[in-house]
Each structure stands twice: as C-alpha cells, then as structure tokens.
Amino acid sequence: MTEPALDYPGDLLGFAGDLTPSERAQLARLRTFLDASVRPVLVERWEGGESLADFRRPLADLHLLDDPELVGAGTGVRPLYRGFVTLELCRLDLAMSITYGGQVGMFRTLIHAGGSPEQIAAWDPGILDFTFTGCFALNEPDHGSDIAGGMTTTARRTADGWVIDGAKRWVGNATISDNLVVVAREADGDRVLAFVVPADAAGVRRSVIEHKAAARMVHNADIALEGVLVPEDRRLPRIESFRDINRAFRSLRADIAWSSAGMQLGAYAAASEYAQRRQQFGRPIAGFQLIQEKLVRIVANIAQTLALAVRTTTHPIADDVTPSLIKLIAADRLRESVALARETMGGNGILLDHDAIRFFADAEAMYTFEGTREVNTLIVGRALTGHSAFTR
Ligand SMILES: Cc1cc2nc3c(=O)[nH]c(=O)nc-3n(C[C@H](O)[C@H](O)[C@H](O)COP(=O)(O)OP(=O)(O)OC[C@H]3O[C@@H](n4cnc5c(N)ncnc54)[C@H](O)[C@@H]3O)c2cc1C
C-alpha cells in the first residue's frame, strides 16, 4: 500500500524536514493505521463514551518506539521523531494519544525516572508491549491545584511493606491499567512517595467518572484506597518528593505542545477541507476573505506551537517554570484554533461527522489537565516578580 504524503500545513519553518527517511516512513505507517482503523469508529465511540483501549495492542505492534531501525545504541528513538508520533496521534484524536501515550509516555517515564535498575529491567518490556500497563494517580477529590500542600493519601510503613489509605480522582486510563502509580504522603515522615499498586490489590476500588463531555473516549476514574498493602519492592525508590515527580516529568513537558500542535492540525485539516467543499454565494467558502483569515490564524497558531514543541524537545528544559509557560501558550493557541475551525463550518461545525467539535470539546480537557491556566500563571508570575500570589 502507498503510504500517505505527510503534510504539516503549519510547519512553515520546516521542522519535519529534519526527520530521517526511516522516521518519516514509520510516521506514514502510523497515519495509515490511524486513518484506516481508528478514524472510522471515532464518532460512534465518542457518542458512546467507549474506550479506544483495543487499539493499544495494534499500535504496539507498529513498534513506534522500539523499531530497531529507529533506536540508536542504547539511546532510544530520537526526541524529535517521538514528538511527531504524539503529534500524529493527536492529529487524529486526543483520546487515542492519551490511551497509548499515558502508557508509553507517562507511565514508562515514571518507572524509568523513579524505579530501581531491577524494576526497570523487569517491567520495561511489558510496558512497551502493553502486557504491564499503568497510569498515574496524583489528584484527589478534595485537592487538585493545591495537591502539593494538601495531599491526604498516606502510606504507613509496616513489617510487611506499606499500607496506603486515601482517594484519587480524575485518573486517566485507570480502569484499563493493571497498575496504578499512587502518590502518597509518608504517614510518619515528610516524604512524598510513589507506589506501583496492582489495580486488583485488596482495598482498591475504581469507578469511571460518568457524564464527561470532553475526552470522552478516555475513561477517567475515581480510585478509593482502603488499607491497601503494597510490598517495598513496589515502591519507586527514586521518588521521595514533589521535586522528584517534577524531575521525572521534565522530559515529557514538551509533549503538551506536541499534543496541542497535533490537535490544531487535525482541526485545520477538517476546516480547510470543508471550506473547499462548501459552496455559498455560488463559490467555495474558502474563497471568502473572512474564512481565509480564520484558516491563516489557525496555521499561524500551529507554526508557533510547533516551534515551541521542537525547541523544548531539542533543548531539554532544566527548570520548573518553563513547563508552565509552555502549557499556557499551547493551551491558549489550541483553544483559539479549535474554535476557529468549528466556526468555519457554520452549523455543520457542531456535528461530530465533521471532526471540529470533537477537537473543540477535547481542548477543554487539555486546558485543565497538567496544570490549569491560573496555577501556571501564578507559577510564571512568581518567577517573574519574586512574589508568590498563591494564597499559601
Ligand atoms: C481530562 C482530565 C484528565 C486528568 N488526568 C489526570 C490523571 O491522569 N492523573 C491525575 O492525577 N490527575 C488528572 N487530572 C486532574 C487535573 O490535574 C486537575 O483537574 C487539575 O490539576 C485541576 O484540579 P481541579 O480539577 O481539582 O480544580 P481546582 O483545583 O478545584 O480548581 C478550580 C479552579 O480554581 C482555580 N484555582 C485554584 N487555585 C487557585 C489560586 N490559588 N488562584 C487562582 N485560581 C485558582 C483553578 O485554576 C481552576 O480554574 C485530570 C483532569 C482532567 C480534567
């Protein structure tokens, strides 16, 4: 089968030109798979709020991140290529990206950054082929933005290991994972610890949050933890504070920009195709100046977001403030672009059949997770002024 030409309309600075022929070929295979297998079910699954978990295995079989041709000697795939994988997934759908990337991105990164060499060696092959799945449980029902100071979930040391009590909320992929990385405050100390809790351990209860109107194909869950016994060898020994968690996720910070760029590209593809096809006043609406202005603004937003993604991928972030700035910019550009794409389509813009409204709704999920606009603003504001405007 002929693979599709990889078009990136917002890549005005030519970043995709830095991909190798093998990387481009792999990305084209990914796009072919997504278009042929996942795209046809999106409307039905979105309406039903059904998971895309069944596509994880076929995606693993594409060997996106462990193809021997793309993996350098012990170094893994190139970060730029990895970014474009996220972009391609989000160009199709945010939920597909979270369903796959929550495992090979977030969960794998946590294990690599926090785990012992023995834990990494034991778990990594299963993480890549989805036989050892996991998610990240930090937020709590009563503590979101103030989780660092307010966390109530505790881990108490006993002769047999640790006993965890508490509750977590909003955990993505929790009901399709074998393991939950639970963050808990040490009951008899000051440390913040992370445990790889088997999802079927006694005392764990997971329930899907219903009636969600964004990222509907991701199942976010409430998790109750009551006297859950976890052995010491399931604790990630290199996580002992929030600083360690931030360090663990630093390499993933550019991902939010890649995701935003991908969603904007998906929304743009839908809007520009629609504008060429739809006729009013006897001509394609793509010929109207005000429609062109919307399309140009989306492409300009993509160009900015992509530049941010590439720069922060090729020059890794070393501080805790830049990620907040990235999130602010990526989420703002996304929100504007998906609204413009929807607007381009008139009434049809609110029909799932035309894609834009799916990106529009999902943008609201991304706007909130990984730090809200307000909290990120306070973090950047504190760094700029030297004054903390957090209330405590
Ligand atoms: C789709 C989705 C997926 C998620 N996935 C995960 C996951 O996998 N794992 C996980 O652990 N968590 C996850 N989360 C949780 C997410 O990180 C939190 O929703 C987020 O941190 C905000 O917390 P909150 O929803 O409790 O809002 P709140 O903290 O209650 O905030 C409500 C509003 O008040 C504002 N606010 C709070 N404090 C201040 C202040 N000092 N000054 C000004 N304004 C303030 C906030 O910005 C927000 O606008 C997810 C959330 C969503 C929506």
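The biggest contribution comes from H5, with five residues. Its volume is about 670 Å³, taken as the space filled by probe spheres set on the grid points, which are joined across faces, edges and corners. A pocket here is an open set of points on a 1 Å grid over the protein atoms alone, where a 1.4 Å probe fits, with protein on both sides within 12 Å along at least five of seven lines; a lining residue has an atom within 4 Å of a point.

Before I go on, this is a predicted model, in which local features need pLDDT of at least 70 and side-chain atom pairs count only at pLDDT 80 or more, while totals for chains, interfaces and linings use all residues. Residues are numbered from 1 along each chain as its sequence is written, and side-chain values use heavy atoms, without hydrogens or water.

Helices are DSSP runs of H or I with at least four residues, strands are runs of E with at least two, and both are numbered from the N terminus.

Now the ligand. Which residues come nearest to it? There are 16 residues around the ligand, and the nearest are Leu138, Asn139, Ser145, Thr372 and Glu374; being near takes a heavy atom within 4 Å. Leu138 places a backbone N or O atom 2.9 Å from a ligand oxygen, and Ser145 has a side-chain N or O atom 2.6 Å from a ligand oxygen. On the nitrogen side, a polar backbone atom of Trp170 is 3.0 Å from a nitrogen atom of the ligand. A polar contact is a pair of N or O atoms within 3.5 Å; within protein, one must be able to donate a hydrogen and the other to accept it, and sequence neighbours count only through side-chain atoms on both sides.

Next, strand S1, residues 134–137. Gly134 and Phe136 point one way, Cys135 and Ala137 point the other way, and all are buried. In general, side chains in a regular strand alternate between the two faces of the sheet. For burial, the relative accessible area is under 20% for buried, over 50% for exposed, and in between for partly exposed, with a 1.4 Å probe and protein chains only.

S1 is parallel to strand S4 (residues 179–186), with four bridges between them, and Gly134 faces Asn179 of S4. Strands count as paired when DSSP finds at least two bridges between them. Thr133 is buried, because its relative accessibility is 2%. Its side chain reaches the backbone nitrogen of Asp178 at 2.8 Å.

S4 also pairs with strand S5, antiparallel, over seven bridges. The two are joined by a hairpin of five residues, and Ala184 has Leu193 of S5 as its bridge partner. S5 covers residues 192–198, and six of its seven residues are buried.

Asp165, in S3, counts as partly exposed because its relative accessible area is 30%. From Asp165 to Met345, 180 residues along the chain, the C-alpha distance is 50 Å.

Between S3 and S4, the loop holds Ser177. Ser177 has a relative accessible area of 5%, so it is buried. Its C-alpha is 9.9 Å from that of Asp200, which is 23 residues away in sequence.

Last, two backbone angles to check. Most residues other than glycine have a negative phi. Ala215 has a positive phi, near 45 degrees, and lies in the loop between S6 (204–208) and S7. Glu370 is another non-glycine residue with positive phi, near 60 degrees, this time in the loop between helices H12 (356–368) and H13 (373–385). Are these two buried or partly exposed? Ala215 is buried, because its relative accessible area is 4%, whereas Glu370 is partly exposed, at 38%.
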